[in-house]
Amino acid sequence: MAVAAVIFDLDGVLVDSERVWGSVREQLTRELGGHWHPGALRAMMGMSSLEWSRYMHDDLDVPLPPAEISREVVKRVGRHYEDDLPLIDGAVDAVQRLRRRWPLGLASSANREIIDRVLELAGLADDFAATVSSEEVPRGKPAPDVYLEAARRVGIEPTTAAGVEDSTNGLLAAKAAGLTVIAIPNRDFPPAPEGLAAADVVLNSLDDLTPEEIELVAA
């Protein structure tokens, strides 16, 4: 199969952001008298903003409407990124290396304003043909919706795209959408066995993400 496009995840693939989101959510939960627990961060990985804000309200007992929870978390995460954007080593090079070969998409669980600001701060906004937030589709990961929409916006069939993911829910979403799935596991939050099983190849880092590797996997 000839690859027609590559679709990246954002959090955990291009930006080492899971700890940022986790610390912001935990801090807000505790500030407002909610009940944080050790599994909360992993439970919210891959959820859309509508889903994780509802989870914080319903399961963590944060006493704000979900929409207000989402706004406050996004404001704090954005402030952190303005001060220190935690790009993963090799992120800019990987994006620009693949951009010379294929159109790129981005399928992220992050809010739209976070996606746009991260790409602007990283100098990558012009490298993506299309970007999609899971808040713009009916369901977050592990449902395939965000990948299907990214492929549609890029203008290709999902089965002709390669997806680059790090998390269990992201890997399952890309697989369910029919993409060739490339896993680059996050060392701090490694995917579960069922996530790795959905991958067509597992790479050690973004440095290994080359056009030659992608074509070999998709062949």
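This is a short tour of the structure above, stop by stop, with something to select at each one.

Before you click, know that this is a predicted model: local features need pLDDT of at least 70, side-chain atom pairs count only at pLDDT 80 or more, and totals for chains, interfaces and linings use all residues. Residues are numbered from 1 along each chain as its sequence is written, and side-chain values use heavy atoms, with hydrogens and water left out.

**Stop 1: the sheet**

Switch to cartoon and find the open sheet: 6 strands in the order β3-β2-β1-β4-β5-β6, with parallel pairing. Helices (H or I, at least four residues) and strands (E, at least two) are DSSP runs, numbered from the N terminus. Two strands pair if DSSP finds at least two bridges between them. Go to the edges next: β3 and β6 (201–202) each pair on one side only.

Now bring in α7, which packs on the sheet and touches β1, β2, β3 and β4; contact here means heavy atoms within 4.5 Å. The direction of α7 makes about 155 degrees with that of β3. Axes are lines fitted to C-alpha atoms, for helices over the stretch in contact, and angles run from 0 to 180 degrees between N-to-C directions. Then select residues 211–218: helix α10 lies across β1, β4, β5 and β6, at about 130 degrees to β5.

**Stop 2: strand β1**

Select residues 5–8. Which residues of β1 are buried on each side? Ala5 and Ile7 are buried on one side, Val6 and Phe8 on the other. Buried means under 20% relative accessible area, exposed over 50%, partly exposed in between (1.4 Å probe, protein chains only). In a regular strand the side chains alternate between the two faces of the sheet.

Look to the neighbours: β1 pairs with β4 in the parallel sense over 4 bridges, and Val6 has Ala162 as its bridge partner there. Toward β2 (residues 104–108), 3 bridges join the parallel strands, and Ile7 is partnered with Gly105.

**Stop 3: two aromatic pairs**

Show the rings. Those of Phe, Tyr and Trp (its six-membered ring) pair if their centres lie within 6.5 Å; planes under 30 degrees apart count as stacked, over 60 as edge-to-face and the rest as tilted. The count comes to 2 aromatic pairs.

Phe8 is in β1 and Phe128 in the loop between α6 (112–122) and β3 (130–133), so the pair ties together parts 120 residues apart in sequence. Phe8 counts as buried at 0% relative accessibility, as does Phe128 at 9%.

Trp21 and Trp52 are also edge-to-face, at 5.9 Å and 65 degrees. Trp21 belongs to α1 (residues 18–31) and Trp52 to α3 (residues 49–58), 31 residues apart. Both are buried.

**Stop 4: helix α1**

Stay on α1. Its buried residues include Val20, Trp21, Val24, Arg25 and Leu28, and what covers the buried residues includes α2 (40–44), α3, α4 (66–83) and α6. Finish at Gly33, which follows α1 and has a positive phi, near 85 degrees.
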